[in-house]
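Open the model in your viewer and keep the selection tool at hand. The stops below are meant to be taken in order.

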Amino acid sequence: MTGNYTSDPPRQLVLEVASVCNLRCPQCWIGLRWIDRGLESKFFPMDLFEKLCNEVSGFVKHVYLHLWGEPTLHPQLGEMIKRVKQFATIDLATHGLFIDESNVDDLALCDTLSVSIDGIDQKTYGEYRVGGQLDKAMAGMKLLAAKAPGKVNWTFVVFKNNEHQIEAAKLLAQEIGVNFGDKPPLFWNMDRMNSDMPTQEKHRRYRIVDGEWKLKADPLSCREFWETVYVLPSGDVLTCCYDGNAEWVMGNVKESSLLDVWNGENYQAARAKHSGGTLNGMCQDFCQLPA
């Protein structure tokens, strides 16, 4: 590596508030029980959280309080929301099953709230949200919409089994008073790609190249190395949400400041390769260039 590949401080911070979930979604690292990164802490520790808030409050403008797990399982999520609101806007995504009167006022303080519900009947919904109850998730979303009008997004991940319900779901979203977004799926369990892939091209993140599904992605245009930092409850820092099992750790904020990690050797080497048109191993594995 030659040259200086330090960067301005990150503008966005992603915290994996919880590394656990009660559901078994078949395209999620946690749902598949694939994560084995040494989960000494299932929830983001509050002392580490406060340390990070103190460090980043001068430059981070937006915080995502979710990554792979279900954030509403964190027993101190409300405190975290109130602390982050002192210096940044907040995005939070949930499956909606634990939204109730005990936490809805705190959740409503977030600037953007996404509730993931992938069907309008229990059978369809339950094929992906394994272990979930549609009526309970819908009740949570409705309660949140009443407390935070205009902020709530219904995220509908589109698979072959539910794409016929998109238009009906859009109408239901209007009745409830939430924004609707149909989202193409990202596959980790490749055995299910052929059976679960949506039939409509607009709902696919993939196309077939040489007989194999490949992401429609240009990873060399990605700006994550320069704009967003991801932190796990262990303190490990990642460069991308795709790295579910923390195979490409840049450093640890328990041992160093976030900015020291951000401009440390690992990050600089990653930026140097990317700037030179060479993909890192993680990008090669998770974000293949289309042919």
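This is a predicted model: local features need pLDDT of at least 70, side-chain atom pairs count only at pLDDT 80 or more; totals for chains, interfaces and linings use all residues.

Rings of Phe, Tyr and Trp (for Trp, its six-membered ring) count as a pair if their centres lie within 6.5 Å, and a pair is called edge-to-face when the planes are over 60 degrees apart.

**Aromatic pairs**

Select Trp154 and Phe180 to begin. Their ring centres are 5.5 Å apart and the planes stand at 75°, so this pair is edge-to-face. Trp154 belongs to strand E5 (residues 152-157) and Phe180 to strand E6, so the pair ties together parts 26 residues apart in sequence. Is each of the two buried or exposed? Trp154 counts as buried, at 0% relative accessibility, while Phe180 is partly exposed with a relative accessible area of 22%.

Next select Phe225 and Trp226. Here the planes stand at 80° and the centres are 6.0 Å apart, so this pair is also edge-to-face. Both Phe225 and Trp226 are buried.

Switch to a cartoon view and colour the strands. What is the order of the strands in the open sheet? Its nine strands run E6-E5-E4-E3-E2-E1-E9-E10-E11, and the pairing is mixed. Strand E6 (179-183) and strand E11 (251-252) are at the edges with a single partner strand each, so one side of each has no neighbour in the sheet.

E10 and E11 are paired in the antiparallel sense over two bridges. Asp236 is found opposite Asn252 in E11.

**Helices H1 and H2**

Two packed helices are described by the angle between their axes and the distance between the axes. Select helix H1 (residues 46-56) together with helix H2 (residues 77-84): they pack at an angle of about 10°, with 11 Å between their axes. H1 is therefore roughly parallel to H2. To see the contact, show the side chains of Met46, Phe49, Glu50, Cys53 and Asn54 on H1, and of Glu79, Met80, Arg83 and Val84 on H2. By class, this contact of H1 with H2 has five nonpolar, one polar and three charged residues.

Now keep H2 alone. Six of its eight residues are buried, so H2 is largely enclosed by the rest of the structure. Those buried in H2 are Leu77, Gly78, Met80, Ile81, Arg83 and Val84. They pack against H1, strand E2 (62-64), strand E3 (89-94) and helix H3 (104-107).

**Helix H10**

Move to helix H10 (residues 265-275), where the buried residues are Tyr267, Gln268, Ala270, Arg271, Ala272 and His274. What do the buried residues of H10 pack against? Select helix H8 (224-227), strand E9 (228-231), E10, helix H9 (258-262) and helix H11 (281-286) to see these partners. After H10 comes Gly277, with a positive phi near 85°.

**Asn162**

For the last stop, select Asn162 in the loop between E5 and helix H6 (166-176). Asn162 is buried, at a relative accessible area of 0%. Which residues does Asn162 touch? Leaving out residues up to four places away in sequence, Asn162 touches Asp118, Thr124, Phe156 and Val157. Finally, draw a C-alpha to C-alpha distance from Asn162 to Cys240: the two are 28 Å apart in space and 78 residues apart in sequence.

Technical notes
Residues are numbered from 1 along each chain as its sequence is written. Side-chain values use heavy atoms; hydrogens and water are left out. Two strands pair if DSSP finds at least two bridges between them. Helices (H or I, at least four residues) and strands (E, at least two) are DSSP runs, numbered from the N terminus. Axes are lines fitted to C-alpha atoms, for helices over the stretch in contact, and angles run from 0 to 180 degrees between N-to-C directions. Angles under 35 degrees count as roughly parallel, over 145 as roughly antiparallel, 65 to 115 as roughly perpendicular and the rest as oblique. Contact means heavy atoms within 4.5 Å. Ala, Val, Leu, Ile, Met, Phe, Trp, Tyr, Cys and Pro count as nonpolar, Asp, Glu, Lys and Arg as charged, and the others, Gly among them, as polar. Rings of Phe, Tyr and Trp (its six-membered ring) pair if their centres lie within 6.5 Å; planes under 30 degrees apart count as stacked, over 60 as edge-to-face and the rest as tilted. Buried means under 20% relative accessible area, exposed over 50%, partly exposed in between (1.4 Å probe, protein chains only).
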